[in-house]
Amino acid sequence: MLSAGKFPSSHENYWETKSGAKRMISWSNTCLTDEAGRVSYIIATGIDITESRRAAEELARSEATHRMVVENISEIIYSMTLSEGRLQGTIDFLSGSVERTVGYGISDFSREPGLWLSLIQPDDLPAMKEETRRMVRDRTVATRLYRVRHRDTLEHIWLEDRIVPRFDREGKVIGYFGVVRDVARRKQAEDGLKDALVRAEEEKNKSAAIIAAIADGISIQDRDFRVLYQNRHHRELIGDHVGEYCYQAYHRRDNVCPNCPVALTFGDEKVHTVEQTGMTPTGPVHVEITTSPLRDSTGAVVAGIEVVRNITDRKKSEEDVRRAYETQYLINALLRIPLDGRSIEAVLLKALDIILSSSWYVSLSKGAIFLSEEDGSLTMKVQRGLDPAVQAACATVEPGKCLCGRALRTGAIQFSSHIDEHHELSFAGISPHGHYCVPMGTAEKPLGVLSLCLEDGHPHDVYEQEFLTAVANALTGIIHRKRMEEEREQMIRDLQSALNTVSASRLEWLVTFDSITDMISIHDEDFRIIKANKAFARRFGLAPQDVIHKKCYELFHDRHLPAAECPHQKTLERNGPVTEEVTDPKTGRLFLISTFPFHSSESGKRGIVHIARDITEARENETRLVMSERLAALGKMASGIAHEINNPLAAIAGCVDGMNRRISRGDFDQELFKKYLAIMKEELIRSKNITTSMLSIVQTRDYERRPVRVHDTILKSLDIIGYQGRLKNVTVVKKFADGSLVLQASEGELKQVFLIILTNALDAMEDRGTLSVETAVQDGVLCIAISDTGPGIAPENMTRMFDPFFTTKSERGGTGLGLSIAGRIVAGHKGRIRVSSNPGTGATITIELPF
């Protein structure tokens, strides 16, 4: 019996077929032995393995090629087998590019299976694991993005890990293939792109915010003048007209407007600016329109940008500045009119020409100046441009008749825009016109009327009225000055005539001398009276012969020595005429003293001619303007004072009611009644103090020169302002010098100065902030500094603050006289006022008064 041998052998060799093709044969030899173990047969089996060997060789070459590719590409190729039921597993294959990417070699990952996970940035692990779960759950390709720490640089680099699931025969995911790519540059580019997009969005939002915040109206029109865009301000200013043609929407036209700035920009591709004015229900509106080209990426102009700016306020400010400048210029021109050698008619005609040349109001270059007569009628002194018929009809105006007569009688401006029933002096054929009739002088002593003709239908303008009031005040001063000059010249002429007559006839001289109403006297060098007229002697209740040989200072000043500022002494020193104003200490009357030197032709001695005129009433006319400012300030205080007095009156009324109720019940509680009476007395004293403070503003006796406690006067002024309730939101800081500072001054006038400056400071702060009052003594001069925390004084106003009629508060009723009056009062006390201010940090006004 045969059996197979235990040691089969095999080999391979090529066989050549009949066709000459070589085939690879794999031989397998099997030995058959007998029972004794001897080889009886050899079975040789040959298998043609030519194709399989060729496929194996091809596969080997392919594997070598793929391994070479895998080892040389920049991406990391790997294969992972997952552990049963876990997302972690073991790496089956890892390409050598891993070391170039993260610095660790294949051997590092073989020794430490968990190395890869330890290198991943902890913040990225949750997202990475979630993507792995999704790959297993959905059996689909997944992409993981995470950062891995480099071995050498220790920096984290961004990797993109694309994984493809591997399945077993049942379709279960048992692992995955992965391709890892270094995406640091791409990530950097993506982040840069995101940042750029964020910045672009921010810039877009910023541009949109800037456009929305711009107070100007912005619109865009295409080349056909169709509105493409309007910002919010443009829609509020003009209305929403997107999609419409601008010339139809804005101007109700059928074609492009003449001189259209957008059309000009389309024509020359440049920026153009124009100004336009339109009427609205609230008045004229001025706008500034600026257009510029909008270009596409090729540089071609595809649209026009129009920026509309409302410049109404700027135009109004410019007009106000122009008017203020012209007003000041015109007033100065009036005040510079020379008076010497001209008649009052010539002076008034020059003044009228200056007024009619003003562009302040729409006039017809026609007007007249009337002067008041003793019977109250008006006489036309000068005119320009009036028809002969008007001159004849208005040559004399009866008291209170027509516009001019009513202006003089009422002391108020009369306005008419047309010829109407108020024009009582009218006639057939009179040309249409309007009128401003402005009174000159005061209601007590009217001087005349300035009458100006207007275009028919001219509307009333409060600014014109303020301007004409200032002009009338200037004319009032001119007329007063001219009349005083004429009177003085006449007096001098009379005196000269009298002196010339003396040489011819002493009696005639005496008659003439005594007929002059001014006080005239002749003194020698030793102040002894040589001659005096009756008016001079009558002033002292004596006969002319009784004042002869008396010293002038004994009569005038009741003293034994000449006054320090004596005009007589100055004439002797200068050997020329001297004119001064002197107050009689006995009567308080104010005199204009003029002294002239002369030489006696007989004795050769020098003498002095004294002429004294009582100008008390003239000065009172000037001070009425000051008093009107005080009364105006008193009127402004009235409402606050009334409220302050109501509080004590309410308390008194309550006590009275309480006592009445108890009396009606028969309840006479003596202690309680005493308490009620004490409260009533206290509130009455409080009310009395308030009214006393108010009355002190206008009491004449307070304006006499006497010792004044400056600190007490400041505190009284603060109390008066406090009664108005204006100090509720104001912090008052007082820094007074040590001791009681006493001045020889008028308490009422000082109080008015303090009230003017304190009120201006509160107006500047709008009754909120810090008000500081500080006193100090420097080199014999008392300095009183009043400071506020308001917006300060504009540099252009610093030099005009004390000009009459200059004010920045006309809309609140300011007259522009307050600081002018304050300056005159301080100057009258031989002092001065200094102003310092930095815009935005308040202002300080310092009053300097000599002890």
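In the predicted model, strand β27 is joined to strand β29 (residues 769-778) by 6 bridges, and the two run parallel; strands here are DSSP runs of E with at least two residues, helices are runs of H or I with at least four residues, and both are numbered from the N terminus. Within this pair, Thr731 lies opposite Thr770 of β29. Both strands belong to an open sheet of 5 strands with mixed pairing, ordered β27-β29-β30-β32-β31, where pairing requires that DSSP find at least two bridges between two strands. Its edges are formed by β27 (730-735) and β31 (832-837), each of which pairs on one side only. From one strand to the next, the twist averages 15 degrees.

Helix α23 (residues 747-765) lies across β27, β29, β30 (781-788) and β32 (843-850), and runs at about 145 degrees to β29. Axes are lines fitted to C-alpha atoms, for helices over the stretch in contact, with angles from 0 to 180 degrees between N-to-C directions; contact denotes heavy atoms within 4.5 Å.

Strands β24 (residues 590-599) and β25 (residues 606-614) pair in the antiparallel sense over 9 bridges, and Phe591 has Asp614 in β25 as its bridge partner.

Residues are numbered from 1 along each chain as its sequence is written, and side-chain values use heavy atoms, leaving out hydrogens and water. As the model is predicted, local features need pLDDT of at least 70 and side-chain atom pairs count only at pLDDT 80 or more, while totals for chains, interfaces and linings use all residues.
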